[in-house]
Amino acid sequence: ASGKKVVGLVPAQTKSKSAMRREKQKQKKEEEAARLVLEAKVKQEQQPAVDPAKRAKKLNKTLRQIEDLKSKDPASLNDDQRSKIAMEKEIRDELASLKL
């Protein structure tokens, strides 16, 4: 602060230590996010194609479960059961696309 030069000291930094630390953490988070996206893509490419017959069987089972849930009192259903009922149209569409 008095204007003296200290030997070996880097001249005034442009950013504070905490700003440098925040920047480094931000960069690390971005790299981690990019790595996770890349891993997800690789994993998706490595997954073998699902046998259409097996997928159709699973979808039919889910539709049976949805029909059972519809017969129950709506007030007694939990969130997962309600979301399953809400997915009925998508499941029917996927099943129709499998049977081509």
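Glu-88 lies in helix α4. A helix here is a DSSP run of H or I with at least four residues, a strand is a run of E with at least two, and both are numbered from the N terminus. This is a predicted model, where local features need pLDDT of at least 70, side-chain atom pairs count only at pLDDT 80 or more, and totals for chains, interfaces and linings use all residues. Residues are numbered from 1 along each chain as its sequence is written, and side-chain values use heavy atoms, with hydrogens and water left out.

Back to Glu-88. Is this residue buried or exposed? Glu-88 is buried, because its relative accessible area is 11%; buried means under 20%, exposed over 50%, and partly exposed in between, with a 1.4 Å probe and protein chains only. Leaving aside residues up to four places away in sequence, Glu-88 touches Leu-63, Ile-66, Glu-67 and Lys-70. Touching, or contact, means heavy atoms within 4.5 Å.

Next, the core. In soluble globular proteins, nonpolar side chains tend to be buried together. A nonpolar core is a set of buried Ala, Val, Leu, Ile, Met, Phe, Trp, Tyr and Cys residues joined through side-chain atoms within 4.5 Å. Which residues make up the largest nonpolar core? There are six: Ala-56, Leu-59, Leu-63, Ile-66, Ile-91 and Leu-95. Two elements, α2 (52–71) and α4 (88–99), each give two or more residues to this core. The largest share, four residues, comes from α2. Ala-56 touches Leu-95 and Leu-98, again not counting residues up to four places away in sequence.

Now the packing of α2 on α3. The axes of α2 and helix α3 (residues 79–86) come within 9 Å and cross at roughly 115°. Axes are lines fitted to C-alpha atoms, for helices over the stretch in contact, and angles run from 0 to 180 degrees between N-to-C directions. On the α2 side, the contact is made by Thr-62, Gln-65, Ile-66, Leu-69 and Lys-70, and on the α3 side by Gln-81, Lys-84 and Ile-85. By class, that contact has three nonpolar, three polar and two charged residues. Ala, Val, Leu, Ile, Met, Phe, Trp, Tyr, Cys and Pro count as nonpolar, Asp, Glu, Lys and Arg as charged, and the others, Gly among them, as polar.

Last, the whole chain. The protein has four helices and zero strands, in the order α-α-α-α. Of its 100 residues, 11% count as buried. Among contacts with a separation of 6 or more, 52% join residues 24 or more positions apart.
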